[in-house]
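Subject: Structure handover

Hello,

The structure we discussed is below.

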Amino acid sequence: MALLKGKGAMTGVNLIAKVYDNGATKDGKSHYADIQVDARDSRGPEQSNLHLKSERVKGPDGKERFANTAPYSVGQLEEIVKAAGPNTEPLCNKDGEKVGTVYGFKGNVMPASRGTGLVVNTKSVEASDFKVDANTLDNQFASMKAAKEAQAASKQNQAAGPEQSTQAEQVVEAEAPAVG
């Protein structure tokens, strides 16, 4: 799940909504959407998980997966679609068939009142600063992967750090000319 900390971190966030055509609830009152912080937003690059909601669930086959969707009312989804305007891209499966739509928009987010994660305050949505295109979702995954790798490298450096930095300081002291 995306971590947005600090004053103003949840305000005016560039977002991407993945909305599947088959994501409507049976009663037709809600629609599930996977909303993510846009990797191009200033809060995106260091995030290893850009999804506003991400929780572990066990599938019918017993395998653990992540559920990244949250329900939005039909009216809330209409606000997101209206804010995105023409900033959309078809969401296709691996066979190239359209199964939904990707929307680019901007809005304020807040902790979910029910469940976990963050949700969009759809009263605050507007046009995104970034254009959604065919590469947007690939860029999202690449950004999350790069952030995970950077975090792993940082942990490795911290684990090996004290010895290496002490050795480096000793080398610098040995090379420094004597003053006097």
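Strand β3 (residues 55-58) runs antiparallel to strand β4 (residues 64-67), and 4 bridges join them. Strands pair here if DSSP finds at least two bridges between them; helices (H or I, at least four residues) and strands (E, at least two) are DSSP runs, numbered from the N terminus. Opposite Ala67 in β4 stands Glu55. The hairpin of β3 and β4 has 5 residues between the strands, and Gly62 takes a positive phi near 90° in that hairpin.

Before the rest, the basis: this is a predicted model, in which local features need pLDDT of at least 70 and side-chain atom pairs count only at pLDDT 80 or more, while totals for chains, interfaces and linings use all residues. Residues are numbered from 1 along each chain as its sequence is written, and side-chain values use heavy atoms, with hydrogens and water left out.

Cavity

On a 1 Å grid over the protein atoms alone, a cavity is a set of points where a 1.4 Å probe fits but cannot get out; a pocket is an open set with protein on both sides within 12 Å along at least five of seven lines, and lining residues have an atom within 4 Å of a point. Grid points are joined across faces, edges and corners, and a volume is the space filled by probe spheres set on the points.

Searching the whole structure gives 1 cavity of 30 Å³ or more. The largest cavity holds about 40 Å³ of space. Its lining consists of Ala33, Ile35, Leu52, Lys53, Asn68, Ala70, Tyr72 and Leu118. At least two of the lining residues come from each of β2 (30-37) and β5 (70-73). By class, the lining has 6 nonpolar, 1 polar and 1 charged (Ala, Val, Leu, Ile, Met, Phe, Trp, Tyr, Cys and Pro count as nonpolar, Asp, Glu, Lys and Arg as charged, and the others, Gly among them, as polar).

The largest pocket has a volume of about 360 Å³. Of its 16 lining residues, Pro71, Ala112, Ser113, Arg114 and Val119 lie nearest the centre. Two or more residues of this lining come from each of β5, β7 (98-111) and β8 (118-127), and β5 gives the largest share, 4 residues. The lining of the largest pocket comprises 8 nonpolar, 6 polar and 2 charged residues.

For the second largest pocket the volume is about 220 Å³. It is lined by 15 residues, with Pro90, Leu91, Cys92, Ala134 and Leu137 closest to its centre.

Regards
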